[in-house]
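Biologist: I would like to learn how to read the inside of a model like this one. Please show me the chain, then take the features in turn.

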Amino acid sequence: MNGGVNGVALTVFIIFFLAVTVMGFLAARWRRSETESLDEWGLGGRSFGTWITWFLLGGDLYTAYTFVAVPAAIYAAGASGFFAVPYTILVYPLIFTFLPRLWSVSHKHGYVTTSDFVRGRFGSKGLSLAVAITGILATMPYIALQLVGIQAVLDVMGVGGGENTNWFIKDLPLLIAFGVLAAYTYSSGLRAPALIAFVKDTLIYIVIAVAIIYIPIKLGGFDDIFAAAGKKFEQINPATDKPVGALAPGSAGTWTYATLALGSALALFMYPHSITATLSSKSRNVIRRNTTILPLYSLMLGLLALLGFMAIAAGIKVQNGQLAIPQLFEDMFPDWFTGVAFAAIGIGALVPAAIMSIAAANLFTRNIYKDFIKPDATPAQETKVSKLVSLLVKVGALAFVLTMDKTVAINFQLLGGIWILQTFPALVGGLFTRWFHRWALLAGWAVGMVYGTVAAWGVASPTQKHFGGSSAEIPGIGEIGYIGMTAIVLNVIVTVVLTFVLKAMKAPDGIDETSPSDYTADAGDKGVQVELPTVGAGSGH
């Protein structure tokens, strides 16, 4: 790594950072309503059209995970890190089937969170509470991943301090960025990241277009890049007596690769921030259009992933893999464009971190504070509590950053995926059928959460005793797979078996406040709507 502060890059970075900070505060006046409510602060008034939603969802889903963690995984281990590319391809056909239904029923009943829907569908505050707690818990490591991306950029620019620096001085720039993020999120709610997302995505596309053409030319072309990566991955790791990675996944890693891709695809739109961005749309057809154009970001992700191989070919040597891509940019680009690239990464982390903290705060306010602490809370009180909790969620994420191993930061996202996957049967299952019993869903959730947490806790890495990874041997089978997929299989088995048992015992079921027509209604665009049939919808079925 280069020594000292890159003054030019830092200046450009600060200019962009100040610009989006101003935009974040000004966003409070953008499409502002006179009423103060969670619909306004936490969902932008449910008024966003196709293009705003596209940029918001893109800013929400393609994050520091995309720009830092995925290329870093490929830099460290090779093509196994490419699981992120097929999973973003798998996810859009999946969400096309259920997100429009969720939007319709949420719009009809005023649901702000997934827990609102679960409570209304199954008549269970306990199940709603479980989904809310899971959403908040799973969001914290995901926000932490965004802060890791900001920290990586600051470290490479030379303003993050060295490893032997006092912890407060070392992390002071990150704390400042964290404080700015917290301030404009508190002030402007979802409108801030929605407005900043335009700048973020424009910068990212510019940087990708330049990087994918300029860097290979400087390195002698893709033949030389892949040759250098292949040579590195042939080296033997003394600790395991196996190659350090692979240019293409071997047969031994097929199951791990497949389960990581499928599990991540199933988990992505379970996260509260994904749903928050979805519910901010003004019509169900906006959601359907977005599922057809969002795959453009998957193309971007595939190109970004190749930066991991480019870092190897460029001779980048870093102890912390998250620094590989920022260091590649500093070494290969002119200083002024390095600042632009660093701004793309930094802003690309701020936008989703803001949305995530808002989503987690909405869960606390609607499904913990209002359901169990102050049922008569006014809309203004709900908004005030949500603003305060959005700050606390960021503090929890900061704790992940400061205490956990950041050398393989992609595990932050995968750890959150293990937890959030356990809400899949209640949320997606509930959108299509009322057959599952509420107590069975709660029991299945508990089994999946306990197994997933214990299994993930038991995975060690060379630098961390616990939570060192997200893949483990499947009990009774022996294959190494994503812990989240094993946990969700156990969850579904328990849910189905107990549903049969509880129905046979005629255990009391909750009251369903929704009706079949709620899942197809559209208050916005008109047009032919093709829907999957609703199974067992309606109260008491």
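Biologist: How many residues does the largest nonpolar core have, and which have the most contacts inside it?

Modeller: In soluble globular proteins, nonpolar side chains tend to be buried together. Here the largest nonpolar core has 172 residues, and Y65, I215 and F329 have the most contacts inside it. Such a core is a set of buried Ala, Val, Leu, Ile, Met, Phe, Trp, Tyr and Cys residues joined through side-chain atoms within 4.5 Å; buried means under 20% relative accessible area with a 1.4 Å probe, protein chains only. Helix α17 (residues 335-373) gives the most to this core, 21 residues. Helices are DSSP runs of H or I, at least four residues, numbered from the N terminus.

This is a predicted model: local features need pLDDT of at least 70, side-chain atom pairs count only at pLDDT 80 or more, and totals for chains, interfaces and linings use all residues. Residues are numbered from 1 along each chain as its sequence is written, and side-chain values use heavy atoms, leaving out hydrogens and water.

Biologist: What does Y65 touch?

Modeller: Leaving aside residues up to four places away in sequence, Y65 touches V70, P71, F83, A84, Y87, Y142, L145, Q146, I410 and Q413. Contact means heavy atoms within 4.5 Å.

Biologist: At what angle do α5 and α14 pack?

Modeller: Two packed helices are described by the angle between their axes and the distance between the axes. Helix α5 (residues 84-109) and helix α14 (residues 296-305) pack at about 175°, with axes 9 Å apart. That makes α5 roughly antiparallel to α14, a term for angles over 145 degrees. A84, V85, T88, I89 and Y92 in α5 meet S298, L301 and G302 in α14.

Technical notes: Axes are lines fitted to C-alpha atoms, for helices over the stretch in contact, and angles run from 0 to 180 degrees between N-to-C directions. Helices (H or I, at least four residues) and strands (E, at least two) are DSSP runs, numbered from the N terminus. Angles under 35 degrees count as roughly parallel, over 145 as roughly antiparallel, 65 to 115 as roughly perpendicular and the rest as oblique. Buried means under 20% relative accessible area, exposed over 50%, partly exposed in between (1.4 Å probe, protein chains only).
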